[in-house]
Amino acid sequence: MIETSEYPSLRDIMIARQRIEPVIRRTPLVFSEHLSDRAGFEVWLKLENLQIAGSFKIRGASNRILQMTDDERARGIIAVSSGNHGRAVAYLARRLGITAKIVVCDLCPENKRVAMRSYGAEVIVHGDTQDDAQTHAEDLIAQEGYTWADPYDDLHVIAGQGTIALEAFTDLPDADMIIAPLSGGGLLSGVALASKAVSPNVSVIGSSMEIEPGMVRSLQAGKPVHVEEHPSLASSITGAIGLRNRCTFPIVRDLMDHAVLISEDSLAPEMRRFADNEGMIVEGGSVTSVLAALSPEVKERQPKRAIVVISGRNIDLATFHQVTQNPEMIS
Ligand SMILES: *Cc1c(COP(=O)(O)O)cnc(C)c1O
């Protein structure tokens with residue numbers, strides 16, 4: 001595992017911001033009247049659902065890919081993804097004229113596969129879990145020599161995700177809390193490093209699923225542990241953190257103040273409510289940070305102004321239709 005001295009610095013994250021600026025969108029930070037009323041403190045939404053390719057993932061992926069050598073680019077990129085990382089990699093690969101292979105498992109929603117193919121990436125479906133997809137990608141790298149683009153456990157990816165917090169604290173310097181979904185931990189690591197560098201007293205809160213949250217279980221165990229992956233409306237934040245995790249485990253361990261665990265049943269009603277009140281459709285993984293903002297654990301901390309990262313919008317319309325028709329029946 002990496003040492004504290006290797007954690008991306010504020011300077012690394014500022015350089016990342018300059019590097020990726022031409023390929024990403026600077027997303028707005030908006031005040032939510034409705035959520036502030038419900039929470040009892042100011043809730044500000046960082047709208048990464050409006051990001052290019054539909055989620056924040058392009059920030060980390062572009063900070064990595066833009067630093068690849070000509071030789072690494074020429075070999076083509078390979079990535080494993082639950083959907084959004086692959087979508088970002090596929091988009092960037094097309095834009096930079098690089099070939100991309102994305103390995104997904106059966107749990108990857110169809111709309112995300114279609115989007116990756118539409119950008120010209122080759123989508124390889126392998127196995128029932130992300131771990132199966134990962135093993136297959138490693139075989140392909142060994143046989144054919146592609147360049148690996150990690151979804152979270154990479155210092156350049158983490159620095160890229162950290163640019164979210166740099167933007168948000170530029171817009172709202174006196175925020176005292178930032179809440180973001182937590183899965184592999186690239187998002188939370190970057191957000192925590194950037195937030196605490198610009199505003200040392202800010203609380204950093206993660207939101208994970210209650211069923212088999214990979215990072216939370218690993219923190220409890222004191223080392224990366226395996227968890228089973230389950231089908232979920234929050235498919236972008238399920239699964240393990242990798243037994244060979246080097247970067248996100250220590251960074252999240254050192255910098256996260258608290259993780260709120262979210263139940264599957266609470267997702268659909270909140271997605272529906274969010275669409276109704278904010279006028280935006282967001283995916284299941286993204287409403288976990290909204291639900292965390294409304295949790296008793298966060299209320300107890302008595303924040304005054306919280307930034308809530310809305311991480312992505314990539315839910316397919318048929319699933320969203322089910323969510324609005326019958327929120328209690330989705331699992
Ligand atoms: C990837 C992703 C997350 C979780 O990010 P990690 O870096 O894996 O913790 C949250 N929300 C969405 C929409 C994502 O695509």
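I began with a term: helices (H or I, at least four residues) and strands (E, at least two) are DSSP runs, and they are numbered from the N terminus. With that in hand I looked up leucine 47, which lies in strand β2, residues 42–47.

Before going further I wrote down that this is a predicted model, in which local features need pLDDT of at least 70, side-chain atom pairs count only at pLDDT 80 or more, and totals for chains, interfaces and linings use all residues. Residues are numbered from 1 along each chain as its sequence is written, and side-chain values use heavy atoms, with hydrogens and water left out.

**Leucine 47**

Is leucine 47 buried or exposed? Buried means under 20% relative accessible area, exposed means over 50%, and partly exposed is in between, computed with a 1.4 Å probe and the protein chains only. Leucine 47 has 4% relative accessibility, so I counted leucine 47 as buried. I then listed its contacts (heavy atoms within 4.5 Å). Setting aside residues up to four places away in sequence, leucine 47 touches Thr27, Pro28, Val30, Met280 and Ile310. For threonine 27 I noted a separation of 20 residues in sequence from leucine 47, while the C-alpha atoms of the two are 5.8 Å apart in space.

**Serine 232 and α10**

Next I turned to serine 232, which I found in the loop between α10 (214–221) and α11 (248–255). Serine 232 counts as buried because its relative accessibility is 16%.

Which side chain makes a polar contact with the side chain of serine 232? A polar contact is a pair of N or O atoms within 3.5 Å; within protein, one must be able to donate a hydrogen and the other to accept it, and residues adjacent in sequence count only if both atoms are side-chain atoms. The partner is the side chain of glutamate 264, at 2.7 Å. I also saw that a polar atom of the serine 232 side chain lies 2.8 Å from the backbone nitrogen of alanine 234.

Apart from neighbours within four places in sequence, serine 232 is in contact with Met209, Thr238, Glu264 and Leu267. Methionine 209 is 23 residues from serine 232 along the chain, and their C-alpha atoms are separated by 9.0 Å.

In α10 itself I marked Gly214, Met215, Val216 and Ser218 as buried. The buried residues of α10 pack against β8 (203–209), α11 and β9 (258–262). Just after α10, I noted that glycine 222 takes a positive phi of about 80°.

**Glutamate 270**

I found glutamate 270 in helix α12, residues 264–278, and its 6% relative accessibility is why glutamate 270 counts as buried. The side chain of glutamate 270 makes a polar contact with the side chain of arginine 38, at 2.9 Å. Not counting residues up to four places away in sequence, glutamate 270 touches Leu35, Arg38, Val287, Val290, Leu291 and Leu294.

**The ligand**

For asparagine 84, an N or O atom in the side chain is 2.7 Å from an oxygen atom of the ligand, and for glycine 185 a polar backbone atom is 2.8 Å from a ligand oxygen.
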